[in-house]
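Please read the points below with the sequence and the model open beside you. They are meant to be checked one at a time against the coordinates.

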Amino acid sequence: MHSLTDLVLFVEVARAGGFRHAALRLDMPPATLSRRIAAMEARLGTQLFQRTTRQVSLTEAARPFYEQCLTVLEAAQRAQGILAASQEQPARIRVSMPVDLGVEILGPLIAAFAAGQPGLRIEFDLSSRATDLLRDPVDLVFRIGRPMDDRVVARKVADITTGLYAAPAYLGTVNPITEPAHLAHLQCLDLQTAQGSMPWKVDHLRWPAAPGTSTLSANSVALLRTLAERGHGLALLPEHIASASVEERRLTRLLPRASTPRWPLYAMTATRLVSGQLRRLIEHVKGSLQATPLSKTTRRR
C-alpha cells in the first residue's frame, strides 16, 4: 500500500500533463517530483507516464489506476471534511484544572467562552492530581508548573505571581520579619503539588519546601490562606488568592520588596492536532489573563 501523498503526486502530474506545472501547484521542485514518481513506478513495477519533450501522458495501464486514485482521494477528502466539521463543533470539551484556580479564575473564564458557543458542553474536573492525558477522558488540562510528562503538548498561558502572607495576630507573637533568613525560624505552611512540596525562593535564599517549622501542609492554596488567616503560620500564596484577605486585613503582606516565585500556568493537550474550538478556548483563556493579569485579579466574594 502506498501513502496518500504518493497518490496525490501521481494525480497532480496526470491532471497537469507535465511535471513542471504539477510541481508549481504542489510547491515542490520538479526534480523532486520526478524522482518521487519514478520511485513509485519502480515499486509498482509499472510505467505510469509516457514522457516526451513536449508532454507527459498516462500509459494505458495507468488509466484505470488513475480513476481509482481519484475515487480514493475524493473519499479521503470527504472523511477529512467530516472530521473537520466534528472538530469545529464538538458536543463536549472536558477540562481538568486545580480546584482553587478553577473556582476563582478559570471556571468563570471558560464559562464565558462557552456562552458564545451554542451547543457546546463544558465538563469541569477540579482536581490537583496529575491527570494522564493519554489515558484519562480529558481534552484539556490546566496545571501550575512545568509538566512532568514530555509526551504532552504544553502551552504557557500565564504567570502566577506570589507573595508571603501571615495574619496580624500571628505576627504579633514573633520577632519582626525584616529579611528572608528569618523565615527559617518561623512556622510556615507547606503547599503540596503532584510533584511534591512547592519550593520556596525568597531573594537569594531557596528551600525545597516550606522553611522553618512546617507541621501543616495541603494541596490547596485556598486552605493555606484560611490557615494563615487563623494564625497557623506564614504562607506563600498567589497574589490573586490573598488580595481580598489583605484588603480586609485578615492577612499582611511580608517582605513586599523581596522577590518570590512566579509559577507558570500551562494549558496541556495530548496532541497538537486539536479542534478549532478547543484551540480558541485556550486562546480565550490566555488572552483574558493577559488583559487582566492574575496579579491584578481581585477575589470576589
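Predicted model: local features only at pLDDT ≥ 70, side-chain atom pairs only at ≥ 80, totals over all residues.

1. Overall form. The secondary structure of the protein comes to nine helices and 14 strands. The radius of gyration is 29 Å, whereas the globule rule gives 19 Å for 301 residues, and because the value found is well over that figure, the protein is more spread out than a compact globule. When taken along the principal axes, the box filled by the C-alpha atoms is roughly 95 × 40 × 30 Å.

2. Helix 2 and helix 3. Helix 2 covers residues 19–26 and helix 3 covers residues 30–44, and their axes come within 9 Å of each other, crossing at roughly 105°. Angles of 65 to 115 degrees count as roughly perpendicular, and helix 2 and helix 3 are therefore described in that way. On the side of helix 2 the contact is made by Phe-19, Ala-22, Ala-23 and Leu-26, while helix 3 contributes Pro-30, Leu-33, Ser-34 and Ile-37.

3. Helix 5 and helix 9. The axes of helix 5 (residues 99–115) and helix 9 (residues 276–291) come within 10 Å and cross at roughly 125°, so the two helices are oblique to each other. The crossing in which helix 5 passes helix 9 is right-handed. From helix 5, the residues that take part are Ile-105, Leu-106, Leu-109, Ile-110, Ala-112 and Phe-113, and they meet Gln-277, Arg-280, Leu-281, His-284, Val-285, Ser-288 and Leu-289 of helix 9. The residues of the contact between helix 5 and helix 9 divide into nine nonpolar, three polar and one charged.

4. The pairing of strand 7 with strand 8. In general, the strands of a sheet pair through backbone hydrogen bonds, in either a parallel or an antiparallel sense. Which sense applies to strand 7 and strand 8? Strand 7, which covers residues 190–193, pairs with strand 8 in the antiparallel sense, over two bridges. Which residue stands opposite Ser-197 of strand 8? That position is taken by Gln-192.

Key
Residues numbered from 1 in each chain as written. Heavy atoms only, no water. Axes fitted to C-alpha atoms, helices over the stretch in contact; angles between N-to-C directions. Helix = DSSP H or I, 4+ residues; strand = E, 2+ residues; numbered from the N terminus. Parallel < 35°, antiparallel > 145°, perpendicular 65-115°, else oblique. Left-handed = near helix turned anticlockwise from the far one by under 90°. Contact = heavy atoms within 4.5 Å. Nonpolar A, V, L, I, M, F, W, Y, C, P; charged D, E, K, R; others polar. Pairing = 2+ DSSP bridges. Rg over C-alpha atoms; globule rule 2.2 N^0.38 Å.
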